[in-house]
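The tour goes stop by stop: select, look, move on.

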Amino acid sequence: MTGAALTWQLLRDLEPSEFETAGDGWHEVSGRADSDRVKTDRVMTAGLRETQQGEAANGALARLERLSRNFQYIHTEAGLIRTALNGLAAELAVPRKQLLEALEDARSLKFTVHEDGSVSYPAAVGETLLGEEEAPAGTARGSGRLPLEAPGPNERPGLPAGRFLPNPHAAKAQGIADGIARAVRSAVEIDGRYATALGKLGAARGLDVTEATMDDVFRDTAVVRTTAGTYLGHGIPWDRTPAERKEWWDALTEEQRQEYLEVAPDLVGNLDGVPAVARDEANRNHLPVLISDLEQRGGEAARTKLDALRELRDKLNEPTKVPMYLLGIGDEGNGRAIVAYGNPDTSRNVSTYVPGLGTKLDKDFVDDTLKRGMDTAKGARKFDASSAAIVWLGYDAPQHVDVMGKGDAEKGAPAYNSFMRGLEATNESEDPHLTAIGHSYGSLTVGTAAQRVGGIPGADDIILLGSPGTGVGKAADLGVGKEHVFVGAADNDPVTKLPAKQQSVLAAPALVPGGPLLTYVAGDIADRRDDDLYFGKDPASAAYGARRFEVDDGPRPIRDLGGFDAHSQYFTPEKDDVSARNIALIVSGNSEEIKTEEWR
């Protein structure tokens, strides 16, 4: 089809299923290429590496690697053609349906549809001021414009000029003619858009898949993604629950899933309810796109995220003792990243840790915050091998103490609960054990999530670490029972001593650089009076009623020049083995073995 030659007759006779059949053929080509790539890598290349050495072996390995890249290229390009054809079929089906409905209306009224799309109607008796008169027959000429668009300079009304005779057929014929014209106009636009996209899907001559060739693949994917975006996004149940999204994903064919994962990974990579393995594949595919977009931007914020994503990409490609799954990624706000250590769908015990004050998508997040997830997973697996740990940066945490309010927690809580509801939907265990962990300001986000209707979905236990308060007065208000709320609070952690706002004897001056240490002193003073913190009752206090577990006190901020060290070592076995062990015991479902300590 070509847009210039498209007529209503061609659209009427079109069979969208023919495009789908052609797409199936390209899907088969794509699948065979992928299968051949796997065989090349896992059988031929791996076998050669294990059994042969020397110059000849190295030359053979180089040729096998080239062959593997060729298969990968064919797999991707054939898949793009498949998606474009499927999208073309799906989108053309809409105007074709509109055309067929208009033609059926014309047939039922015994109107004549002409080759140019105009519609003739018969004469009829109509009422005028002079009584009944025969209104003449006429022809309505359709307009492809939408109802709110102004008529074009060459468009004429379909009703006859002169004295107005209200032929009851005229308006109906005009509606049919306009419907035909709009259907053709829409089909021409769709056809032209996909023709352009398909025309760009070509391969250069030769056997080498070079860096330039892979850049071409990247551009081709972007073209098809832009062209077929409406088709791919149309069926996603955005407004449904994660459980319903899981049902939708499971009902898709393998071909449909691959279209999302390879062409539009951004649509499903962050979609709660999609299984972890699929989200991981989608986000790994989308990561180069995000990196490329950030490379085109300027500014310090973009560079910070870009450096972090590049480092995260490298980390994902490194072998780890506990496999990594990229469950979410994005550049909105201060950046988004959700990383699991261990498959949360196949693990019986799963923890989801919300970091706090000062956290953003930067080098510290990749180097330090993610290590906390790894340490938690490794520790929990010592007690139950079926354990996974997630680091959830799915919100904007406040970056400085002086801007710390409840707003960020209130915005992050619904997103956190949606993610937890997704874990409930995708976990394959009959009765999974889920633990919500909030560190620093993240404990307020977890506390806020727990206060929403229904609490934190699926949560069995809640761990609060280095908390400035959770927004509630007692552990029983967090929805899991006070015996399932656990608190780690180092005596030398300044954040656990931040006084209530109304108590702060230093007010704003204490919240400038260097001020948090003074606020720590103010917290000690306030703590002698009562147990109110910045965001409510101290979780480590008797009044709060949680189970406080033993942690290392850490260096004092002033005397030992420890700064915030005591606030940052709860997860780290090298610095606080007793805290890390207690966290691992709770996450693995062995909380009865933790070491406890007295309330403040």
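Select β10 (433-439) and β11 (459-465). The two strands pair in the parallel sense over six bridges. Two strands count as paired if DSSP finds at least two bridges between them. Helices (H or I, at least four residues) and strands (E, at least two) are DSSP runs, numbered from the N terminus. This is a predicted model, in which local features need pLDDT of at least 70, side-chain atom pairs count only at pLDDT 80 or more, and totals for chains, interfaces and linings use all residues. Residues are numbered from 1 along each chain as its sequence is written, and side-chain values use heavy atoms, with hydrogens and water left out.

**Around β10**

Show isoleucine 437 with isoleucine 463 in β11: they stand opposite each other.

Next, select β8 (349-354). β8 and β10 also pair in the parallel sense, over six bridges. Threonine 352 has alanine 436 of β10 as its bridge partner.

Seven of the seven residues of β10 are buried, so the strand is largely enclosed by the rest of the structure. Buried means under 20% relative accessible area, exposed over 50%, and partly exposed in between (1.4 Å probe, protein chains only).

**Helix α16**

Select residues 577-587, helix α16. Eight of its 11 residues are buried, so α16 is largely enclosed by the rest of the structure. Colour the buried ones: Ser579, Ala580, Asn582, Ile583, Ala584, Leu585, Ile586 and Val587. What covers them? The cover includes β8, α12 (363-381), β10, β11 and β12 (485-488). Step on to glycine 589, which follows α16 and has a positive phi, near 85°.

Move to β1 (112-113) and β5 (138-140). Three strands form an open sheet here, in the order β1-β2-β5, with antiparallel pairing. β1 and β5 are the edge strands, each pairing on one side only. Select β2 (residues 119-121): two bridges join it to β1. Threonine 112 stands opposite serine 120 in β2. Contact means heavy atoms within 4.5 Å.

**Threonine 45**

Select threonine 45 in helix α2 (residues 16-51). Threonine 45 is buried, at 4% relative accessible area. Leave out residues up to four places away in sequence, and threonine 45 touches Thr40, Leu61 and Leu64. Threonine 45 and leucine 61 are 16 residues apart in sequence and 6.3 Å apart in space, C-alpha to C-alpha.

**Salt bridges**

The structure holds 29 salt bridges. Each is a side-chain nitrogen of Lys or Arg within 4 Å of a carboxyl oxygen of Asp or Glu.

Start with arginine 96 and glutamate 15, at 4.0 Å, N to O. Arginine 96 lies in helix α3 (residues 55-109) and glutamate 15 in the loop between α1 (8-13) and α2, so the pair ties together parts that are 81 residues apart in sequence. Arginine 96 is buried at 17%; glutamate 15 is partly exposed at 38%.

Next, select arginine 336 and aspartate 396, whose closest N and O atoms are 2.8 Å apart. Arginine 336 sits in strand β7 (residues 336-341) and aspartate 396 in the loop between β9 (387-393) and α13 (407-426), so this pair ties together parts that are 60 residues apart in sequence. Arginine 336 is buried at 16%, while aspartate 396 is partly exposed at 23%.

For the last stop, select Asp491, Asp538, Arg548 and Arg600. A network of salt bridges links these residues.
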